[in-house]
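Reader: Hi! I'd like to talk through a structure with you before I set anything up. Could you show it to me?

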Amino acid sequence: MAANNEAHSIVYPIKDALNQEHLDETHISKYIINEYLPPFGVQSFFKEENYVDKDYLIDYAKFYSRSFEKYDKFTERVHFFKGNVSEEDLTRILTRYDEELYEKIFESYLGFVVVKPVKNSRNHKIIGRTVLKTYDEAVEGHPLQKRIMIKQKNSINLFGLQLEIDALPFQTQDKSVGACATTACWISLNKLADLFETPKSSLVEITEKSISFPSENRNFPSPGLNYLQIKNFYNTLGLDTDFIDPVSLKTSRLKEIPENVVEDVIEDIIKAYIKEFNLPVLAGLKIIPKDGEPLYHAVIISGYRHENGKIIKIYIHDDQIGLYSRVTSEDHFFSWIDSWLDGSKFTSVTLDKLVVPLYPKIRLSFKSMYFVYLVQYKAKLEDKKAKNGIDATAKYELFLTDVKKYKKFLLDHQISNKIEKLKKPFPKYLWIARLESADTLYWDYVYDATAAHAIKPYENIVYNSPEP
Amino acid sequence: MGFDQKLYDLKNEFDAPLSDELIDEIEFIEQTSGNISVVELLRPFTI
């Protein structure tokens with residue numbers, strides 16, 4: 001919403017975006033303007049001045065307004081467009097509504113960045129709530145690859161024009177009110193509110209709730225939360241959390257499970273939560289500097305790109321790099337290759353732990369389900385598929401879903417005993433072990449994710465089989 | 001693609017329930033793996 005002050009809007013060419021009076025030249029603003037937005041064809045932007053951003057307003061009320069230094073309570077919201085949206089277009093549609101022009105603006109809109117009236121330690125403006133269009137599912141030039149991105153519908157009111165962007169909101173770190181883990185929690189909250197109807201909180205509120213589990217550090221300015229404070233924050237929302245140590249899952253495998261079956265455990269975890277459920281996964285990273293002690297950093301895994309289930313890269317919302325930033329790996333994502341390794345300051349980035357905030361009725365943890373999945377499906381398949389004439393690309397995937405999404409999927413597919421299966425009541429949350437290849441769905445084993453144990457499937461679904 | 005006998009045979013292999021021995025092993029490994037130390041849990045994310 002805009003304040004009562006007169007709101008000026010001038011359309012600028014994108015080359016001016018990094019000027020000090022607009023986004024300012026920070027690592028993140030340069031990533032957004034020079035790397036992220038150009039593939040979407042960004043050409044211009046305009047500033048909505050005196051914009052009231054709820055997240056910043058709460059931080060202002062609880063923190064900045066009580067500082068001696070004078071801070072503004074209004075922000076600036078910078079909107080980006082592809083194509084040739086001109087100042088005349090904006091003036092014309094605000095003067096007299098024109099359906100054709102509205103369509104043009106709607107199609108050209110790429111989203112916005114809120115610029116806060118506060119500065120970081122290097123005296124650069126801090127970027128607040130950022131909602132920008134994300135990558136498509138199809139990957140240009142790679143017909144066999146697909147992207148699965150975490151996103152949600154964001155409705156944007158621009159001087160009365162209703163616009164929409166499907167994306168996971170992002171913001172950068174504002175160290176006064178919260179460090180990386182606070183920002184990661186904030187990013188996850190946007191999607192959690194969408195999935196579980198949990199309330200949203202500003203950075204200050206997240207830090208306040210987290211530190212009711214105390215640490216030896218100052219509360220504000222926040223030097224950074226630990227794992228237990230992150231868990232404490234999600235507890236305050238009525239959510240539970242799955243803590244996953246991938247190294248431990250890889251090394252403590254069951255007797256009959258060969259090493260190669262568990263080497264891609266991190267990919268299995270990411271697909272398990274993001275493939276269907278689009279659940280943000282918080283990743284704790286260990287970053288080794290060239291000199292000095294290891295540092296710890298928290299980011300949100302916000303998507304992945306795969307070819308027939310094999311993850312090629314993951315996308316992260318990293319408050320020090322930017323939104324949907326790319327990560328590759330040469331060791332199944334135990335070590336990450338990303339922007340932290342640009343330059344000579346850091347030598348390695350490794351994945352430490354994963355934290356998954358969950359609705360408490362999802363009682364069956366990944367770990368419980370994973371061992372059953374390994375023994376009963378993933379490892380067994382390697383043994384059996386050669387002699388059963390099954391497609392060589394066939395593989396099992398384990399993923400979480402809910403009954404609404406799953407029944408809709410079944411409705412759209414040919415399955416055996418379709419009416420009976422669709423009419424049967426299912427638990428609200430489900431773990432699915434699905435056998436599929438590049439072009440064939442074989443079957444699903446469906447587990448009740450609201451149960452405490454995963455000893456036997458609740459149901460199984462066979463695709464493309466003739467009706468009895 | 002339709003289902004043939006080979007696929008039904010393959011599916012039967014996956015339909016077989018877990019043995020008691022495997023259930024015991026899974027429960028044991030579940031309890032003994034992935035436990036995170038207090039030191040790790042209290043380490044702050046500072047950057």
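Reader: Thanks! What kind of model is this?

Author: This is a predicted model. The mean pLDDT of chain A is 94, and 96% of its residues reach 70 or more.

Reader: Where in chain A does pLDDT stay under 50?

Author: Over residues 1-7 of chain A, and for that stretch the model has twelve contacts beyond four places in sequence. Where pLDDT is low, the predicted coordinates should not be read in detail.

Reader: Good to know. Which domains does chain A have?

Author: The domain assignment gives domain 1 as 11-167, domain 2 as 240-358 and domain 3 as 366-462. Between the C-alpha centres of domain 1 and domain 3 of chain A there are 41 Å.

Reader: Now helices. At what angle do α5 and α6 of chain A cross?

Author: Helix α5 (residues 180-196) and helix α6 (residues 203-210) of chain A cross at roughly 110°, and their axes come within 9 Å. The two helices α5(A) and α6(A) are therefore roughly perpendicular to each other. The crossing of α5(A) past α6(A) is right-handed.

Reader: And which residues meet there?

Author: From α5(A) come T182(A), T183(A), C185(A) and W186(A), and they meet L203(A), I206(A) and T207(A) of α6(A). By class, this contact of α5(A) with α6(A) has four nonpolar, three polar and no charged residues.

Reader: Switching to the chain pair: how many residues of chain A are in contact with chain B?

Author: 48 residues of chain A are in contact with 28 residues of chain B. Several elements of chain A supply at least two residues each to that side, among them α5, α7 (227-236), β10 (281-289) and β18 (441-448).

Reader: Which element gives the most?

Author: That's α11(A), with nine residues on the side of chain A that touches chain B. The residues of that side divide into 25 nonpolar, 16 polar and seven charged.

Reader: How does α11(A) pack with α1 of chain B?

Author: The angle between α11(A) and helix α1 (residues 5-15) of chain B is about 140°, with the axes 10 Å apart. So α11(A) and α1(B) are oblique to each other. Here, too, the crossing of α11(A) past α1(B) is right-handed.

Reader: Who makes that contact?

Author: On α11(A), Q376(A), Y377(A), K380(A) and K384(A); on α1(B), L10(B), E13(B) and F14(B). The contact of α11(A) with α1(B) has three nonpolar, one polar and three charged residues.

Notes
Residues numbered from 1 in each chain as written. Chains lettered and ligands numbered in written order. Predicted model: local features only at pLDDT ≥ 70, side-chain atom pairs only at ≥ 80, totals over all residues. Axes fitted to C-alpha atoms, helices over the stretch in contact; angles between N-to-C directions. Helix = DSSP H or I, 4+ residues; strand = E, 2+ residues; numbered from the N terminus. Parallel < 35°, antiparallel > 145°, perpendicular 65-115°, else oblique. Left-handed = near helix turned anticlockwise from the far one by under 90°. Contact = placed C-beta atoms within 7 Å. Nonpolar A, V, L, I, M, F, W, Y, C, P; charged D, E, K, R; others polar. Domains from an automatic or database assignment. pLDDT = per-residue confidence, 0-100.
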